[in-house]
Amino acid sequence: MNREQIISDIVSLYENCPYPAPAVHRRGKPHTTVDFSKIGESDKTARDEYYMRCALDLAAASLEFGEVPVGAVMVRGGKIVAADFNGRESEKNALYHAEVAVIGKTCRAMGGWRLPGCELYVTLEPCIMCTGAIFQARVPRLIFGAADPKAGFFGGIANACDMPLNHKINVKSGVLAEEASRLLEEFFTKKR
Ligand SMILES: [Zn+2]
């Protein structure tokens with residue numbers, strides 16, 4: 001099966017999120033356009049776990065391609081806009097991290113380089129390259145699973161949120177982190 005077919009099969013399982021979506025405003029600064037003011041904390045948590053599960057399924061699928069298992073999903077309001085998994089080995093491309101791939105797809109889907117109202121779910125803390133891409137695309141909200149103490153740029157080796165960058169990102173870490181870590185551990189144990 002090809003990569004895009006696998007991705008769309010997984011995404012189709014998550015198209016009907018049972019939890020309420022945040023409001024996405026047309027106007028306003030991009031970082032203020034994911035509005036959870038009418039959503040309860042437990043629904044917000046459940047929704048974050050729901051989409052993270054989709055990202056985890058994508059990460060698991062990447063194992064079949066011999067990839068370090070990392071998956072990412074871009075959500076806007078109640079809709080999955082794009083999804084992908086690490087493709088560095090199979091696509092023979094250093095830039096093919098799940099997040100960068102998903103940002104590229106979302107830009108094409110939305111017809112612009114700015115991604116207001118979007119939420120990026122990724123199973124592993126983003127690296128320096130992906131962090132750069134997240135800031136470049138002005139993604140307003142990032143949700144990640146496992147921390148990456150060796151390469152993560154949202155607290156691992158540095159924290160981009162502490163840097164004097166113009167764009168502000170709302171970050172939530174540790175969502176289903178154990179499952180993301182388990183996938184990564186399995187991969188590296190088999191490799192050794
Ligand atoms: Zn990366």
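Modeller: Two residues are in contact if their C-beta atoms, placed from the backbone, lie within 7 Å. The model discussed here is a predicted one. Neighbours within four places in sequence aside, Pro126 has contacts with Glu99, Thr131, Ile134, Phe144, Gly152, Phe153 and Phe154.

Colleague: Where is Pro126 placed, and why is Pro126 called buried?

Modeller: Pro126 belongs to the loop between strand S5 (118-124) and H4. A residue is buried if 20 or more other C-beta atoms lie within 10 Å of its own. Pro126 has 28 other C-beta atoms within 10 Å, so Pro126 is buried.

Colleague: How far apart are Pro126 and Ala98 in sequence and in space?

Modeller: Pro126 and Ala98 are separated by 28 residues in sequence, and their C-alpha atoms are 9.4 Å apart in space.

Colleague: What makes Ile134 count as buried?

Modeller: The cut-off is again 20 or more other C-beta atoms within 10 Å. Ile134 counts as buried because there are 27 C-beta neighbours inside 10 Å. Ile134 lies in helix H4 (residues 128-136). Beyond four places in sequence, Ile134 is in contact with Pro126, and also with Glu99, Leu120, Val139, Leu142 and Ile169.

Colleague: Why are H1 and H2 called roughly antiparallel?

Modeller: Helix H1 (residues 3-12) packs with helix H2 (residues 41-62) at an angle of about 150°, the axes being 10 Å apart. Angles over 145 degrees count as roughly antiparallel. H1 and H2 are therefore roughly antiparallel to each other. Their crossing is right-handed.

Colleague: Which residues make the contact of H1 with H2, and how many of them are nonpolar, polar or charged?

Modeller: H1 contributes Ile6, Ile7, Ile10 and Val11, while H2 contributes Cys54, Asp57, Leu58 and Ala61. By class, 7 residues of this contact are nonpolar, none is polar and 1 is charged.

Colleague: Which residues touch the most other members of the largest nonpolar core?

Modeller: That core has 46 residues, of which Ala55, Val73, Val102, Leu120 and Tyr121 touch the most other members. H2 gives the most to this core, with 7 residues. In soluble globular proteins, nonpolar side chains tend to be buried together.

Colleague: With which residues is Val73 in contact, leaving aside its neighbours within four places in sequence?

Modeller: Val73 is in contact with Tyr51, Cys54, Ala55, Ile80, Ala83, Val102 and Tyr121.

Key. Residues are numbered from 1 along each chain as its sequence is written. This is a predicted model: local features need pLDDT of at least 70, side-chain atom pairs count only at pLDDT 80 or more; totals for chains, interfaces and linings use all residues. Axes are lines fitted to C-alpha atoms, for helices over the stretch in contact, and angles run from 0 to 180 degrees between N-to-C directions. Helices (H or I, at least four residues) and strands (E, at least two) are DSSP runs, numbered from the N terminus. Angles under 35 degrees count as roughly parallel, over 145 as roughly antiparallel, 65 to 115 as roughly perpendicular and the rest as oblique. A crossing is left-handed if the near helix is turned anticlockwise from the far one by less than a right angle, and right-handed if clockwise. Ala, Val, Leu, Ile, Met, Phe, Trp, Tyr, Cys and Pro count as nonpolar, Asp, Glu, Lys and Arg as charged, and the others, Gly among them, as polar. A nonpolar core is a set of buried Ala, Val, Leu, Ile, Met, Phe, Trp, Tyr and Cys residues joined through C-beta atoms within 7 Å. A residue is buried if 20 or more other C-beta atoms lie within 10 Å of its own, exposed if 12 or fewer, and partly exposed in between; C-beta atoms are placed from the backbone.
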